[in-house]
Amino acid sequence: QVQLVESGGGLVQAGGSLRLSCAASGSTFSINVIGWYRQAPGKQRELVANISSGGSTNYAESLKGRFTISRDNAKNTVYLQMNSLKPEDTAVYYCHAPVDSPWGPYDYWGQGTQVTVSS
C-alpha cells in the first residue's frame with residue numbers, strides 16, 4: 001500500500017556532499033512520519049533523522065550540523081542533505097515510514113541506497 005524508493009546514493013570523497021531522496025507512493029495520506037536509517041557493515045541499523053508531516057525533525061545527536069532532513073509534502077518526497085561526509089558515514093541508507101493498518105502499525109522500508117565515502 002505504501003512504496004518507498006530511495007535515490008541519490010553513490011561514491012563521494014571525504015568532505016563531500018550528497019543529497020538522498022525518498023519518494024513515497026501509494027497510500028501516502030497515511031504517512032505522518034518518514035525517517036532515514038542507515039546500516040554499515042557489521043553494525044546495527046540506526047536512526048539518522050526523521051521528519052513529521054508538520055515539519056518537526058529529530059536527528060541522531062552525532063549528526064546534527066552535518067545532516068539535514070527536509071520534506072516536500074506536495075511531492076511526497078523526503079530529502080537528506082549530507083555534508084562534510086566521513087568514511088564512517090559509509091552505509092546503506094534506508095527510508096522508513098510507520099503506517100497504521102487494521103492489524104496495527106506496519107513498518108514500510110525502501111530498498112536502500114548505498115553511500116560510500118572514500119578516505
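User: Which residue in strand 9 is the bridge partner of Gln39?

Analyst: Happy to start there, with a note that this is a predicted model, where local features need pLDDT of at least 70, side-chain atom pairs count only at pLDDT 80 or more, and totals for chains, interfaces and linings use all residues. Residues are numbered from 1 along each chain as its sequence is written, and side-chain values use heavy atoms, leaving out hydrogens and water. Strands here are DSSP runs of E with at least two residues, numbered from the N terminus, and two of them pair if DSSP finds at least two bridges between them. Strand 4 and strand 9 run antiparallel, joined by five bridges, and in strand 9 the partner of Gln39 is Val92.

User: Which residue takes a positive phi in the hairpin of strand 4 and strand 5?

Analyst: This hairpin has six residues between its strands. The phi in question is near 75°, and it belongs to Gly42.

User: How many residues apart in sequence are the parts that Cys22 and Cys95 tie together?

Analyst: These two cysteines form a disulfide (a pair of cysteine sulfur atoms within 2.5 Å), with their sulfur atoms 1.9 Å apart. Cys22 lies in strand 3 (residues 18-26) and Cys95 in strand 9 (residues 91-101), so the separation is 73 residues.

User: Is that disulfide left-handed or right-handed?

Analyst: Look at the torsion about the S-S bond of Cys22 and Cys95, which is about -80°. The disulfide is therefore left-handed.

Key: Helix = DSSP H or I, 4+ residues; strand = E, 2+ residues; numbered from the N terminus.
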